[in-house]
Amino acid sequence: MKITDIFARSKRTFSFEFFPPKDEISAVDFGINVGQLLKLNPSFVSVTYGAGGSTQQRTFALVDYLQNKIGLNTMAHYTCIGSSRERVNADMTYLQQIGIENVMLLRGDPPKGDAGFSMADNAFRYANELISFVRNNHYGFAVGAGANPEKHPEAPDMDTYLHNLKRKCEAGADFLITQLFFSNDAYHSFVQQIRNMGISCRVIPGIIPLTGYKQIRRFVDMASTTFPAELLEKMERYRDNPDKAYQAGLDHAIGQCTQLLEQGAPGIHFYTLNKSRAAVELFESLPTAFRM
Ligand SMILES: Cc1cc2nc3c(=O)[nH]c(=O)nc-3n(C[C@H](O)[C@H](O)[C@H](O)COP(=O)(O)OP(=O)(O)OC[C@H]3O[C@@H](n4cnc5c(N)ncnc54)[C@H](O)[C@@H]3O)c2cc1C
């Protein structure tokens, strides 16, 4: 089913994001974790697409499996950086042929450390160009696009970023899913700003339950997102106590999601990192009224 049709029936959606497992052992682990998450009856699931060639075929194999063997509403992420129009057309046609109805269309990033990386002659430069192409070719997908509530790191300022984001909506994105964030104020202010610009589509918050000291440290070091000092301080305190660190991270995520839903967010997109425990506990801790 198209995600836009799910929107027509449901005020909120709850979705889980996975990445393709890299080897046989990860695949077994993935199966166990997905099995737990399926019990929660997600509105849809999504599978990331590795820019630069690492996991592209695995993404297609996994979306085919989840959509056609498991019967989940599945969204394929797709990045265009470096790809020719012919390649994008072939990939979109393939996804259409295997029955995928939802795509998350992104620019992607050049592969890290690949000094020789070059764009194909007629490649898309930005996600709005990819979205226009997919819309104009009538593959019939519901189209999602990415949004950074605290601005994309490359954008010089928020106004420029919002202007570029609007191009994606005008090109035909049906909904936005945000990059992970930890400050709800950033999300609410972002939604307010884009509403003022006339963007009316759903903006689904992307949330990650961070439940370990090292994991949090990694995100703080690399993420271009505001990190709550009190959570960081708790994690420092519990750095040698994984159980307490887990609970502190989970409690933070429960508080964050509950407040987002209370203030009208249209559901939650969970970044699962292919693990189920925190995502299941988080989902089950949300007020029942919002989970319907
Ligand atoms: C929900 C979500 C899922 C993601 N999934 C994946 C995934 O599966 N695989 C993956 O590799 N990455 C993924 N990403 C990361 C994404 O690829 C990166 O954030 C990437 O750097 C930007 O992608 P974008 O689609 O937001 O780019 P764009 O919207 O093209 O924006 C990129 C930058 O270019 C600027 N810009 C945009 N349009 C124009 C224009 N027309 N003219 C001038 N400047 C412009 C913007 O301001 C921004 O700074 C995901 C991100 C999100 C939020």
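Predicted model: local features only at pLDDT ≥ 70, side-chain atom pairs only at ≥ 80, totals over all residues.

Student: Let's begin with the ligand. Which residues come nearest to it?

Tutor: The idea is to list the residues around the ligand and then pick out the nearest. Here the shell holds 25 residues, and T48, H77, R107, Y126 and G146 come nearest.

Student: Which element gives the largest share of that shell?

Tutor: That would be α6, with five residues. Helix α6 covers 158–171, and it is one of the elements that supply at least two shell residues each, along with β3 (74–79), β4 (102–106) and α5 (127–136).

Student: And how do the shell residues divide into nonpolar, polar and charged?

Tutor: Eleven are polar, nine are nonpolar and five are charged.

Student: Now a helix. Which residues of α9 are buried?

Tutor: To read a helix, ask which residues are buried and then where they point. Helix α9 runs over residues 229–237, and its buried residues are L231, K234 and M235. Looking down the axis of α9, you'd find these buried residues within an arc of 100°, so they line one face of the helix.

Student: What sits on the other side of α9?

Tutor: There you find A229, E230, E233 and E236, which are exposed.

Student: How do α9 and α10 lie relative to each other, and at what angle do their axes cross?

Tutor: For a pair of helices, look at how close the axes come and at the angle between them. The axes of α9 and α10 come within 9 Å and cross at roughly 165°. Angles over 145 degrees count as roughly antiparallel, so α9 and α10 are roughly antiparallel to each other. The crossing of α9 past α10 is right-handed.

Student: And α10 with α11: at what angle do those axes cross?

Tutor: At roughly 45°, with the axes coming within 9 Å; α10 itself spans residues 242–262. That angle makes α10 and α11 oblique to each other. Here too you can read a handedness: α10 passes α11 in a right-handed crossing.

Student: What about N274, where does that lie?

Tutor: N274 is in the loop between β9 (267–271) and α11 (277–285). Its phi is also positive, near 60°, and N274 isn't a glycine either. N274 is partly exposed, because 18 other C-beta atoms lie within 10 Å.

Student: Finally, I'd like to compare sequence and space. How far apart are Q97 and Y139?

Tutor: Count the residues between two positions along the chain, then check the C-alpha distance. Q97 and Y139 are 42 residues apart in sequence and 9.6 Å apart in space. Q97 belongs to helix α4 (residues 85–97), and Q97 counts as exposed because it has 9 C-beta neighbours inside 10 Å.

Student: And how far is G267 from C257?

Tutor: Their C-alpha atoms are separated by 8.8 Å, and the two residues are ten apart along the chain. G267 sits in strand β9. With 23 other C-beta atoms within 10 Å, G267 is buried.

Student: Is E150 buried or exposed?

Tutor: E150 counts as buried, because it has 20 C-beta neighbours inside 10 Å. You'll see E150 in the loop between β5 (142–147) and α6.

Student: One more pair: what separates N241 and M158?

Tutor: N241 and M158 are 83 residues apart in sequence and 39 Å apart in space, C-alpha to C-alpha. N241 is in the loop between α9 and α10, and with 12 C-beta neighbours inside 10 Å, N241 counts as exposed.

Terms used. Residues numbered from 1 in each chain as written. Helix = DSSP H or I, 4+ residues; strand = E, 2+ residues; numbered from the N terminus. Near = placed C-beta within 6 Å. Nonpolar A, V, L, I, M, F, W, Y, C, P; charged D, E, K, R; others polar. Arc of directions from axis to C-beta. Axes fitted to C-alpha atoms, helices over the stretch in contact; angles between N-to-C directions. Parallel < 35°, antiparallel > 145°, perpendicular 65-115°, else oblique. Left-handed = near helix turned anticlockwise from the far one by under 90°.
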